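Hi,

Here is the structure I promised to pass on. Have a look at it first, and then read my notes below.

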Amino acid sequence: MTSEEATHSRTFKAVVGMRIGVVISVVCLLLTMDNYFGVPYSWGKDADGKESSHTEATGGFSWEMPGRVSIYDLQFGPAVLKDNQLKFLGNGRSFNAGLFGDRLTLMIRFSYNASQSEVPLKFIIKLPESRQYEETVRLMSRSGQYSYHFTIHNPRDFFGSGSVYLYYGFSIVDVLDFTIMPGS
């Protein structure tokens with residue numbers, strides 16, 4: 001065997017070894033994720049060892065969120081604290097920072113119907129020139145009304161356009177765009 005063939009052989013073995021290592025790492029990661037999300041280790045079998053499919057057991061594919069949610073009568077606007085409760089001032093998408101002083105509280109309220117209780121909704125708030133904020137809430141009953149609010153401290157520091165994204169799993173439910181304007 002020439003030195004060139006020996007070098008080629010070592011390179012081939014190293015590449016094969018790295019690929020096997022990557023495959024083993026991916027399989028271990030998948031098994032860890034499956035255990036974390038409550039999916040049994042053996043694909044194609046449920047926790048009791050019986051043959052089943054994910055679509056049969058959960059009513060959907062394994063990557064889908066369980067259940068469904070319908071949101072209607074969605075309203076977005078400012079709110080003020082009155083008698084120790086937040087009072088919704090009405091739908092609006094443009095806010096004069098001068099009218100609210102050093103705190104601008106925005107409220108999202110809606111009615112909903114869900115196929116099960118404890119449906120998780122994620123709110124992602126993006127303000128101008130700042131990091132996004134995320135919060136997941138759970139709708140405790142199968143239907144009803146829900147109000148979500150967040151406060152922007154010193155709104156004069158956030159002039160421009162912002163957005164609130166509402167997600168259910170990987171599906172976007174709605175995007176609420178708003179503008180904070182300077183004013184006296």
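Below is what I found in it, starting with how to read the notes.

This is a predicted model, so local features need pLDDT of at least 70, side-chain atom pairs count only at pLDDT 80 or more, and totals for chains, interfaces and linings use all residues. Residues are numbered from 1 along each chain as its sequence is written, and side-chain values use heavy atoms, with hydrogens and water left out.

Five strands make up an open sheet with mixed pairing, in the order 3-9-8-5-6. (Strands are DSSP runs of E with at least two residues, numbered from the N terminus; two strands pair if DSSP finds at least two bridges between them.) Strand 3 (94–96) and strand 6 (133–139) are the edges: each has a single partner strand, so one side of each has no neighbour in the sheet. Strand 3 runs parallel to strand 9 (residues 171–181), and three bridges join them. Asn 96, for instance, has Met 181 in strand 9 as its bridge partner.

**The core.** The largest nonpolar core has 26 residues, and the ones touching the most other members are Phe 76, Phe 123, Ile 152, Val 164 and Phe 178. (Such a core is a set of buried Ala, Val, Leu, Ile, Met, Phe, Trp, Tyr and Cys residues joined through side-chain atoms within 4.5 Å; buried means under 20% relative accessible area, exposed over 50%, and partly exposed in between, with a 1.4 Å probe and protein chains only.) Strand 4 gives the largest share of this core, six residues. Val 164 is in contact (heavy atoms within 4.5 Å) with Phe 76, Phe 123 and Phe 178, among others, leaving aside neighbours within four places in sequence.

**Thr 105.** This residue sits in strand 4 (residues 103–114) and is buried, because its relative accessible area is 11%. Its side chain makes a polar contact with the side chain of Thr 151 at 3.1 Å. (That is a pair of N or O atoms within 3.5 Å; within protein, one must be able to donate a hydrogen and the other to accept it, and residues adjacent in sequence count only if both atoms are side-chain atoms.) Not counting residues up to four places away in sequence, Thr 105 also touches others, including Leu 86, His 149 and Phe 150.

Asp 73, in strand 1 (residues 69–82), has a phi near 55° without being a glycine. Asn 154 is not a glycine either, and its phi is about 55°. Asn 154 belongs to the loop between strand 7 (143–153) and strand 8 (160–168), and counts as partly exposed because its relative accessibility is 38%.

Cheers

Conventions: Helices (H or I, at least four residues) and strands (E, at least two) are DSSP runs, numbered from the N terminus.
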